[in-house]
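The following account leads the reader through one protein model, from its overall composition to individual residues. Please keep the sequence and the structure in view while reading.

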Amino acid sequence: MYNRWYDKYPDLKSLLLLLETIDEYNIELISQDFLQIIMAKYSSEFDKAIKNMSDNAPKGYKRWYDKNYNLHTCIEFIKLLEDNEKTELINSFIMSLLSFITNTDNE
């Protein structure tokens, strides 16, 4: 079985599985919200992290979430965090997604 880095984080894996079912337009809206969460929580580290990701960007983007630069950035940012920070940020993303889905369903 192929193990991806995020397979050891069940909540992140579930989040990505759910995100994969959402259309491109809404993925863009969601990923912009995720970026806002990252910037609010990690403003002092964000520029350095973006530079690091840019310097180490893969030559090819093969994963489904790589097609959306903002979502790709959010997922790659998670890699840079310690496990406890990963869990906190993933939970923030999940809450944001649930809010988005709830608000979309109400419209």
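This is a predicted model: local features need pLDDT of at least 70, side-chain atom pairs count only at pLDDT 80 or more; totals for chains, interfaces and linings use all residues.

Residues are numbered from 1 along each chain as its sequence is written, and side-chain values use heavy atoms, with hydrogens and water left out.

The protein chain contains 5 helices and 0 strands, where helices (H or I, at least four residues) and strands (E, at least two) are DSSP runs numbered from the N terminus. Read from the N terminus, the order of elements is α-α-α-α-α. Of its 107 residues, 36% count as buried; buried means under 20% relative accessible area, exposed over 50%, and partly exposed in between, with a 1.4 Å probe and protein chains only. Contact, here, means heavy atoms within 4.5 Å. Among contacts in the protein chain with a separation of 6 or more, 68% join residues 24 or more positions apart.

Two packed helices are described by the angle between their axes and the distance between the axes. Helix α2 (residues 24–41) packs against helix α4 (residues 69–79) at an angle of about 40 degrees, and their axes lie 8 Å apart. Axes are lines fitted to C-alpha atoms, for helices over the stretch in contact, and angles run from 0 to 180 degrees between N-to-C directions. That angle makes α2 oblique to α4, since angles under 35 degrees count as roughly parallel, over 145 as roughly antiparallel, 65 to 115 as roughly perpendicular and the rest as oblique. The crossing of α2 past α4 is left-handed, a term used if the near helix is turned anticlockwise from the far one by less than a right angle, with right-handed used if clockwise. On the α2 side, the contact is made by Ile-27, Glu-28, Ser-31, Gln-32, Phe-34, Leu-35 and Ile-38, and on the α4 side by Asn-70, Leu-71, Thr-73, Cys-74 and Phe-77. These residues divide into 7 nonpolar, 4 polar and 1 charged; Ala, Val, Leu, Ile, Met, Phe, Trp, Tyr, Cys and Pro count as nonpolar, Asp, Glu, Lys and Arg as charged, and the others, Gly among them, as polar.

A nonpolar core is a set of buried Ala, Val, Leu, Ile, Met, Phe, Trp, Tyr and Cys residues joined through side-chain atoms within 4.5 Å. The largest one has 27 residues, and those with the most contacts inside it are Leu-12, Leu-19, Phe-34, Ile-38, Phe-77, Leu-89 and Phe-93. Two or more residues each come from α1 (10–19), α2, α3 (43–55), α4 and α5 (83–106), with α2 giving the most, 6 residues. Leaving aside neighbours within four places in sequence, Leu-89 is in contact with Ile-37, Ile-38, Lys-41, Tyr-42, Phe-77, Ile-78 and Leu-81.

Helix α5 also holds Ser-92 and Ser-96. Ser-92 counts as buried because its relative accessibility is 18%, and Ser-96 likewise counts as buried, at 10%. Beyond neighbours within four places in sequence, Ser-92 is in contact with Ile-37 and Lys-41. With residues up to four places away not counted, Ser-96 touches Asp-33, Phe-34 and Ile-37.

Phe-100 is another residue of helix α5, and its relative accessible area of 22% makes it partly exposed. Leaving aside neighbours within four places in sequence, Phe-100 is in contact with Asn-26, Leu-29 and Ile-30. The C-alpha atoms of Phe-100 and Asp-33 are separated by 9.3 Å, although the two are 67 residues apart along the chain. Asp-83 also has its place in helix α5 and is partly exposed, with a relative accessible area of 46%. Asp-83 and Tyr-9 are 74 residues apart in sequence and 9.1 Å apart in space, C-alpha to C-alpha.
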